[in-house]
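Please look over the fold below, starting with a single residue and then moving out to the sheet and its helices.

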Amino acid sequence: SMSIEDLDRVLKIERRSFQFPWTRQMWKDEILINDKVKCYVVELDGEAVACYSSWHIARESFLNNIAVDPDYRNRGLGSKMLEHFFKEARDHNSDYCYLEVAEGNFDAIYLYKKMGFEHISTRKDYYTMEHKDAYIMKKEMGADNDTLGN
């Protein structure tokens, strides 16, 4: 679980991962205010190298933010975090998982599709500062649906 003490490293991961990263206050609000929010870090050798935030509400789970430090990408950490997110979703009896991703984030889109998400709609100009659309993706969490979407 993520704590306030993790925020300096989480903010560094965010700055290295996104053109418009979440702020310290946004992360603090996620950690401290809403009991439906779950925030996690992945640590290697005691150092946070990846993180994610999710909501579990009314039998639905939402992946709000996920990032892997660029120096630690292509090691399976994104897949491991999604597997953990799916476990949390099952623990909260979620029927569906949702996320949104920038239209041009091809690496993330590939990973999400590999993990069983499908593109269900597009929000035009969702990322206003970047002038990009968001793809809304959904994964059904049925009994026959494993974490790889097979």
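Is S61 buried or exposed?

## A serine in β3

The model is predicted. S61 sits in strand β3. Its relative accessibility is 0%. The cut-off for buried is under 20%, so S61 counts as buried.

The side chain of S61 makes a polar contact with the side chain of H56, at 2.6 Å. Beyond its neighbours within four places in sequence, S61 touches a set of residues that includes W55, H56, F85 and A89. S94, Y96, C97 and Y98 are also in contact with S61.

## The sheet

Six strands form an open sheet. Their order is β1-β2-β3-β4-β6-β5, and the pairing is mixed. From one strand to the next, the twist averages 25 degrees.

At one end of that order, β5 pairs with β6 (residues 132-140). The sense is antiparallel, over six bridges. Within this region, E118 has K138 in β6 as its bridge partner.

## Helices on the sheet

Helix α1 (residues 7-17) packs on the sheet. The strands touched by α1 are β1, β2 (47-57) and β3 (60-68). The direction of α1 makes about 90 degrees with that of β2.

Helix α3 (residues 77-91) lies across β1, β2, β3, β4 (96-102) and β6. Relative to β3, α3 runs at about 160 degrees.

Notes: Residues are numbered from 1 along each chain as its sequence is written. This is a predicted model: local features need pLDDT of at least 70, side-chain atom pairs count only at pLDDT 80 or more; totals for chains, interfaces and linings use all residues. Side-chain values use heavy atoms; hydrogens and water are left out. Two strands pair if DSSP finds at least two bridges between them. Helices (H or I, at least four residues) and strands (E, at least two) are DSSP runs, numbered from the N terminus. Axes are lines fitted to C-alpha atoms, for helices over the stretch in contact, and angles run from 0 to 180 degrees between N-to-C directions. Contact means heavy atoms within 4.5 Å. Buried means under 20% relative accessible area, exposed over 50%, partly exposed in between (1.4 Å probe, protein chains only). A polar contact is a pair of N or O atoms within 3.5 Å; within protein, one must be able to donate a hydrogen and the other to accept it, and residues adjacent in sequence count only if both atoms are side-chain atoms.
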